[in-house]
Amino acid sequence: MACMWLSTVTGGILALFVSLKIFFPYFWEDLVFFLKRKRLKSMIKKRAKNGILSVIDLFMHRVGKIPHKPFLIYEGKVHTYEDVDRRSNRVAQVFLHYGALKKGDTVALLMGNGPDFIHVWFGLAKLGCVVAFLNFNVRSRSLLHCCNICAAKAVVIGEDCLGSIETEFIFHLLENNVNVWLMSTSSPFQHVGTILDKLDKVPDHPVPSHLRAVNNGRCTAMYIFTSGSTGFPKAAIITHLRALSACLAFIQCGATSQDIMYLTLPLYHISASLLGVGGCIELGATCVLKKKFSASQFWNDCRKYNATMFLYIGELCRYLCNQPSKEGDRVHKVRIALGNGIRPAVWKEFLMRFGPIKIFEFYGSTEGNVGFFNYTNKIGAVGRAGIFSKFLHSFELLKYDISKEELMKDKHGRCKKARIGEPGLLVTLVTQEAPFSGYVGNNEASEKKLLRNVFVKGDVYFNTGDLLVMDRNGFLYFTDRVGDTFRWKGENVATVEVAEIIGMMDFIQEANVYGVNIKNCEGRIGMAAVVLKPDQAFDGERLYKHLVDFLPSYARPRFVRIMDAMQITSTFKHQKMHLVNEGFNPEIISEPLYFLHEPSCSYILLTREIYKNVASGEICL
């Protein structure tokens, strides 16, 4: 009887496993991820009860546990957790004695990558100040806007950034009673303070702990600026709770305290500062910090420092693949790569060339209230909506009219949901558990990111501005940014997809696709800016044949622009706006331009005569 019972139970369990494998192939991965997320959420709540409510609280906790462990390695020099703690104490003491700052004041940081960025960040956090990370690539007018919008009481400028900013910027700050501090021993300006010469004059003792005390995790910890692709940068509010949550990203990848991170991204970016530096603090791991990303030095540095994981954004992995192949490409200890923006073709090439590295692609934005995580490492997916995802967050993909650039609604004025396999605008429900903190000093921009009464009266959703598609297995794929997708011949053209197909050509290193306007034509017509591989020539016939094989006629770029180098943002994303504005006029553009010529079954050189005929309508497109 017992044997029959055991046999029945065993058979039932086996049948359950087989059924799950067939009907829910990702059930166990979904379950493990769900339980891990719930555990991490509980951990944050438990820590809060023990007084850890901020990143600086977490750092101080780590200093107490592992004071002598290497925290930062920069240009070969090791900085232990205790070293960074003491140095940041000195920075805090300098501002306490000389800075006239009080708890809650905002201080902006204009600094390049280096240990002092972190020393200043942590020193100010110990005083209870809100830090604002400035992008050192933007110009003075935008920098002034950033300082004004976040009501900065002071600005700290790194010595490496001093040469790139205009004198007027500093004078404008001083005229507006904003204190300016240089991370140097001397200053070429009057009424501008210096920090390095004062560090030896103050003790490395901690400042009073009540200054950094956080009473509510939803209070502002920092401001991180968006790219400003649609105007001036906007200061996204990052709360202490959001910052601590971001620090957990690498734990979800299976990273441990024994891992060594190689960090090349700019620290003013949320990925570098919170996922990177914050992630190392969360793990109790070591961070090898690089001044600036270098594709040629990347793997040598990884080998030199025994790096086991790194962060990527945008086209970073493509630039690694574009480097000349070497015999030792697979000789390294890297096992984890976390980031967003890697394209499927690059993903495959990266794995084939550099070995079985687990790539964890995620979807998220600086100001967004929900993110997705590709915990199954499925190539091409930016995340997954698994069986248990509804218990973690709520989102929808909405039908979107590309030509009108508006949501499609039913007769009752409610939004329509996109079908499986159909691109839709990603929106995420705003709740107390998933709040949208908005932008400081810009209520209008904050409100524009919200959609109200989407399905029922009173509901509120965050508008990501991104078009995604979900397949039948629940995987999410990035399609395009609203505004990047364009419409031609009554059809939608996704720039990312077209760029992927162009990039399959063996003579093309990089492709950036966008739509340009033509007089008296509805919509925008496709154009591609490409960078050729070294010692390779452009082959118009082969490209034409390739695109005919892979793309419908409306999606084939009619113009091709050959560039020496692709212009990118500081976060390794392709810049499109200036290309769109320049269009395809050979009198404006000095670089070679090509035109898709159907009779020749090729891309031919775009002459001034062809341009005039296209512009006048003599050549019908």
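Student: Which residues are buried in helix 17 (residues 540-550)?
Tutor: Gly540, Leu543, Tyr544, His546 and Leu547 are buried. Buried means under 20% relative accessible area, exposed over 50%, partly exposed in between (1.4 Å probe, protein chains only). Helices (H or I, at least four residues) and strands (E, at least two) are DSSP runs, numbered from the N terminus. This is a predicted model: local features need pLDDT of at least 70, side-chain atom pairs count only at pLDDT 80 or more, and totals for chains, interfaces and linings use all residues. Residues are numbered from 1 along each chain as its sequence is written, and side-chain values use heavy atoms, without hydrogens and water.

Student: New topic. In what order do the 7 strands of the open sheet run?
Tutor: The order is 7-6-5-3-4-8-9, with mixed pairing. Two strands pair if DSSP finds at least two bridges between them.

Student: Which strands stand at the edges?
Tutor: Strand 7 (193-194) and strand 9 (235-239). Each has a single partner strand, so one side of each is left without a neighbour in the sheet.

Student: In what sense do strand 3 and strand 5 pair?
Tutor: Strand 3 (residues 106-110) and strand 5 (residues 152-158) are parallel, over 5 bridges. Alanine 108 stands opposite valine 155 in strand 5.
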